[in-house]
Amino acid sequence: MNVLFVDDQISVLDGIEAGVHFDTLGIENVYYATSAKRAMEIIGNNPVDVVVSDVEMPGEDGLWLVRNIREQYPEMLTVLLTSHADFEYAQESVRLGCFDYIVQPAPAEEIERVLRRALQHIYERNKRNQLYEGLHRAAHLAGLSRHRRKTGPGPDSHLRSVSQK
């Protein structure tokens, strides 16, 4: 799994990098961006499963980022990270379909807890998708089998029976 953290404050990104135990979570790649536009570039060039973004940033903010991710990468999970316990931000994050909302300062353990839940959600979604694909293939093959039985023997079947006499 791959995670992208977006915050205009480098000290926040440094703290996340130093405090979160990505290896024990099974996270393969961790990307960092200091702007929403840079985050979209990283997402466009790298596989990203979860984006954790600050809400308030200069230029395009975290809400803009989440809207763009929803439009272009609807399966990607998003988490908003902010130092403002503002109800409007929380409400907007729900409207945008964010996976979670973390109020800063959050200890590394809180970020790990949210990432663990997000990764579990992705794992379960992938397993569910594999199951549906398997069922769809089985139903398709069963449909082909029924179709062959309904249409009877193939067009050359009389030739085989004639030649066998």
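The model is predicted, so local features need pLDDT of at least 70 and side-chain atom pairs count only at pLDDT 80 or more, while totals for chains, interfaces and linings use all residues. Residues are numbered from 1 along each chain as its sequence is written, and side-chain values use heavy atoms, with hydrogens and water left out.

**Overall fold**

The chain has seven helices and five strands. Helices (H or I, at least four residues) and strands (E, at least two) are DSSP runs, numbered from the N terminus. Along the sequence their pattern is β-α-α-β-α-β-α-β-α-β-α-α. Of the 165 residues, 37% count as buried. Buried means under 20% relative accessible area, exposed over 50%, and partly exposed in between (1.4 Å probe, protein chains only).

In strand 4 (residues 77-82), six of six residues are buried. Leu77, Val79 and Leu81 lie on one side, and Thr78, Leu80 and Thr82 on the other. Two strands pair if DSSP finds at least two bridges between them.

| Pairing | Sense | Bridges | Residues standing opposite |
|---|---|---|---|
| Strand 3 (residues 50-54) and strand 4 | parallel | five bridges | Val52 and Val79 |
| Strand 4 and strand 5 (residues 100-103) | parallel | four bridges | Thr82 and Val103 |

Between strand 3 and strand 4 the chain passes through helix 4 (residues 62-72), and this β-α-β crossover is right-handed. Right-handed means that, with the strands pointing away from the viewer, the path from the first strand over the helix to the second runs clockwise.

**Helix 1**

Val12, Leu13 and Ile16 are the buried residues of helix 1 (residues 10-19). They are on the same side of the helix because they cover an arc of only 100° around its axis. The arc is taken from the directions from the helix axis to the C-beta atoms. The face turned away from this buried side carries the exposed residues Ile10, Ser11 and Ala18.

**Aromatic rings**

The structure has two aromatic pairs. Rings of Phe, Tyr and Trp (its six-membered ring) pair if their centres lie within 6.5 Å; planes under 30 degrees apart count as stacked, over 60 as edge-to-face and the rest as tilted. Phe5 and Tyr32 are stacked, at 6.0 Å centre to centre with 20° between the planes. Phe5 lies in strand 1 (residues 2-6) and Tyr32 in strand 2 (residues 29-33), so the pair ties together parts 27 residues apart in sequence. Phe5 is buried, at 1% relative accessible area, whereas Tyr32 is partly exposed, at 25% relative accessibility. Phe5, Phe22 and Tyr32 form one aromatic cluster.
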